[in-house]
Structure formats: C-alpha cells, structure tokens
Amino acid sequence: MKKVVGVINLVDEKNNLSELTNHRSFASVPFAGRYRLIDFSLSNMTNAGINTVAVFTREKYRSLFDHLGSGREWDLDRHRGGLFFQPPADHERKSEGDISSFYENLSYFKRSLSDYVLVTNGQLVWNVDFDQVIEEHEAQNADITVVYKPCDDPYTSGKNYNVLYTNDDERVDRLNLDVEALPGDNVYLNTFLMKSSLLISLVEDSVGSGKYDTINEAIAGSLDRYHVHAYHFGGYVTFIDSIESYYRYSMEMLDPNVTQELFYNKGPIYTKVKHESPAKYLESSNVSNSLVANGCKISGTVENSILFRGIRVGKGAVIRNSIIMQKCEIGEGAIIENVILDKDVSVSPGETVRSEDEPRVVAKSTVI
C-alpha cells in the first residue's frame with residue numbers, strides 16, 4: 001500500500017455542546033461510557049495502517065493532550081511516524097479558517113515523504129474502512145476523493161451541512177458549503193484523500209492568492225480543475241452538532257444493532273486504558289437497558305442510561321434516560337431523569353434533577 005499520513009483537523013470544530021465544551025474541545029467530549037469522540041476517527045486511521053497522524057488543534061486542547069498522550073493505545077508511540085500535536089502557531093489568527101493551519105504545518109507533509117494525505121475530523125462517530133477509500137481513489141484515478149453519507153436521517157434533514165452533488169460516475173460537480181440539507185442530499189463528512197503534492201499546492205495557492213480561508217473552500221473551487229470523486233459511506237455515522245443530537249446519538253448506543261455495527265463488525269475502536277475494578281452491583285440495585293462502565297458501584301435503580309467510569313449510585317436513588325460521566329456521586333434517594341451530568345458532579349441525597357423537554361446539562365464539578 002502507498003504511504004499515507006493522516007490529519008485529524010479540529011481547527012474549525014464548533015464548540016456548541018453547551019457546558020460540555022466549556023473546558024474541553026469538541027473532539028474530547030466523552031461518549032458511550034468510556035470513549036472520547038476523537039477515538040473513532042483516530043482508530044479508523046490506525047486500523048488502516050496509517051502510522052503517522054497529526055492532530056491540528058486550535059483551543060481547549062489540554063484534555064485532548066491528556067487523553068491521547070503518546071498515542072500508545074493506538075500504536076502510535078513509535079520512533080518513525082507516530083502521533084503529532086499541532087497547536088496554532090499564531091493565536092492572533094483565530095478568525096481565519098483552517099488554511100492557515102495547513103500552511104503553518106506544510107513541513108509535516110513535506111518531511112513525511114508520503115504519497116497521500118487523509119484528512120478527517122474528530123466529531124464523527126463511525127467505523128469506516130479507510131483502506132477501501134484509498135483503493136477506490138486509485139481505481140477511479142481521482143485527484144481528490146471526498147467521503148459522503150446520504151441524508152437519510154430525519155433528525156439531520158433541515159440542518160446546515162456541506163452538501164455535494166455528483167454525476168452518474170460519482171464525480172463531484174458541485175460542493176455547497178454550510179447549506180440546508182434536504183432528504184436525499186449527499187452530506188460531505190469533511191473527510192478527503194489526495195496526493196500530498198496536490199494538498200501542498202492547494203494550500204500554497206490559497207495562501208498566495210488569498211482566495212480561500214478553508215481547505216473545503218479550496219476543494220469546492222477546484223472542481224473544474226481536478227477529478228474529485230465521491231466515496232459513498234453506507235455505514236452508521238452520526239452528525240453531532242448540538243446537545244440534543246449528542247443525547248440522541250448517545251442513547252442509540254443502547255441499541256445492540258448499533259453497537260454491533262460500530263464496535264464489532266469492522267476494526268476495533270481504541271481508547272485510553274484505565275485500570276479499574278469491574279462494576280459492582282449491590283443487592284439493592286436494579287439495572288436495565290444501560291451501559292455501565294468499570295469502577296461503578298450501584299446500590300439504586302438505573303434505567304435506559306449510560307454510566308461512565310467510577311460512578312457511585314446510592315441506595316434508593318433512581319437514574320432514568322440519563323448520561324452520567326466519570327466520578328459522579330448520586331446520593332441516596334436522589335432522582336436523575338433526562339439529564340447529562342458532566343464529570344465529578346455530586347448530587348446530594350434526596351435531590352431531584354429532572355428535565356421534561358430537552359436534556360438538561362449539569363456542568364463539571366457542580367454540587368447539587
């Protein structure tokens with residue numbers, strides 16, 4: 001296989017998950033009991049044998065550094081290649097798009113001597129075979145291959161995404177950025193593959209001319225010059241762009257069909273390993289249709305919920321339709337319903353935390 005380097009581009013991510021992104025980047029938001037959002041795209045790259053990956057960041061990246069570390073869990077702690085963090089070189093340029101970040105890191109692509117560059121983001125929950133993307137790119141003799149998903153989810157329809165249009169040969173003839181997606185539209189997943197030399201040329205031309213601020217704008221403006229092929233990804237993938245969608249897609253992890261496709265049908269999804277004892281269910285506990293991570297101690301009732309590591313649920317407490325993140329303490333007799341508790345939240349005995357409509361988010365380390 002030709003040499004491929006990866007980029008997980010977090011420069012233009014939207015920190016729109018309320019309190020969940022007050023102190024962390026979007027890509028490091030916890031998901032499904034033990035993962036972070038970035039784990040999915042990073043695992044997809046390493047499963048395809050990509051052993052040189054750069055993470056382009058802009059802000060709030062401390063928790064991301066802590067989670068990824070040297071990249072050991074993804075087999076990226078190596079002497080050649082490995083995991084690279086690329087914070088912004090100039091904090092005064094925050095208003096610009098990601099072209100400036102690619103330009104500041106051109107040496108990463110030049111030093112790698114790679115044939116191809118694969119770029120994705122850290123907000124997608126999916127399990128994609130990037131080997132197939134590369135094979136199809138070469139089979140079609142494409143200059144650029146972009147990955148898309150049909151808009152077949154009613155929750156996605158009507159929201160703004162990047163939408164692409166193709167001819168009968170899956171060649172892209174139009175890429176509209178930040179437009180309303182309608183049923184049947186092809187939603188571009190901000191994931192693309194191209195030769196390293198072409199990426200370098202696009203970035204240098206964009207900076208030199210001042211014509212484009214983002215790499216997606218550069219691709220959209222080059223459709224008449226290059227063969228841009230569209231790769232149809234038909235598997236499970238989320239479009240997390242709000243608290244409501246985060247809650248909804250998190251709850252889909254309680255569906256065995258979804259978790260089977262996401263975690264077991266293709267390559268494994270890796271995450272930071274934390275050695276803790278197994279979850280402990282006391283005699284008074286009653287748990288149904290829930291994900292419970294290791295290190296939890298449960299004395300109360302848990303229904304249709306996701307509990308991350310190290311949760312303590314007191315006797316007589318009830319948790320329903322909720323997401324409880326690491327190290328939270330739920331006191332005896334407390335009631336938690338339709339709520340997202342961030343890390344280290346403490347709910348006193350007998351307290352009620354409930355939301356009737358949209359899920360309520362309780363910020364990290366809050367005491368109720």
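**Exercise 1. The main core**

How many residues has the largest nonpolar core, and which have the most contacts inside it?

*Solution.* The model is predicted. Step one: the largest nonpolar core has 65 residues. Step two: those with the most contacts inside it are Leu 20, Phe 31, Phe 40, Trp 126, Ile 240, Tyr 246 and Ile 340. Step three: helix 8 (residues 243–251) supplies the largest share of this core, five residues. Step four: domain 1 (4–265) and domain 2 (280–362) each give at least three residues to this core.

**Exercise 2. Strand 4**

*Solution.* Start with burial. Five of the five residues of strand 4 are buried. Next, sort them by face. Thr 52, Ala 54 and Phe 56 lie on one side, Val 53 and Val 55 on the other. Both faces are covered. Ala 54 also belongs to a second, separate core of 32 residues.

Then trace the pairing. Strand 1 (residues 4–9) runs parallel to strand 4, joined by four bridges. Ile 8 has Val 55 as its bridge partner. Strand 5 (residues 82–86) is also parallel to strand 4, over five bridges. Here Phe 56 is partnered by Gln 86.

**Exercise 3. Arg 309 and Glu 276**

Which side chain of opposite charge is nearest to Arg 309, and how far away is it?

*Solution.* Locate Arg 309 in the loop between strand 17 (306–307) and strand 18 (312–313). Arg 309 is buried. The nearest opposite charge is Glu 276, 4.1 Å away. Arg 309 has no salt bridge. Arg 309 does contact Glu 276 and Lys 327, among others.

Glu 276 forms a salt bridge with Lys 327, at 3.3 Å. The two sit 51 residues apart, linking distant parts of the chain. Glu 276 is in the loop between helix 9 (256–264) and strand 12 (280–281). Lys 327 is in the loop between strand 20 (323–324) and strand 21 (329–330). Glu 276 is partly exposed because its relative accessibility is 28%. Lys 327 is partly exposed too, at 43%.

Methods. Residues are numbered from 1 along each chain as its sequence is written. This is a predicted model: local features need pLDDT of at least 70, side-chain atom pairs count only at pLDDT 80 or more; totals for chains, interfaces and linings use all residues. Side-chain values use heavy atoms; hydrogens and water are left out. A nonpolar core is a set of buried Ala, Val, Leu, Ile, Met, Phe, Trp, Tyr and Cys residues joined through side-chain atoms within 4.5 Å. Buried means under 20% relative accessible area, exposed over 50%, partly exposed in between (1.4 Å probe, protein chains only). Domain bounds come from an automatic or database domain assignment. Lys and Arg count as positive and Asp and Glu as negative; His and the chain ends are not counted. A salt bridge is a side-chain nitrogen of Lys or Arg within 4 Å of a carboxyl oxygen of Asp or Glu. Contact means heavy atoms within 4.5 Å. Two strands pair if DSSP finds at least two bridges between them. Lists of a residue's contacts leave out its neighbours within four places in sequence.
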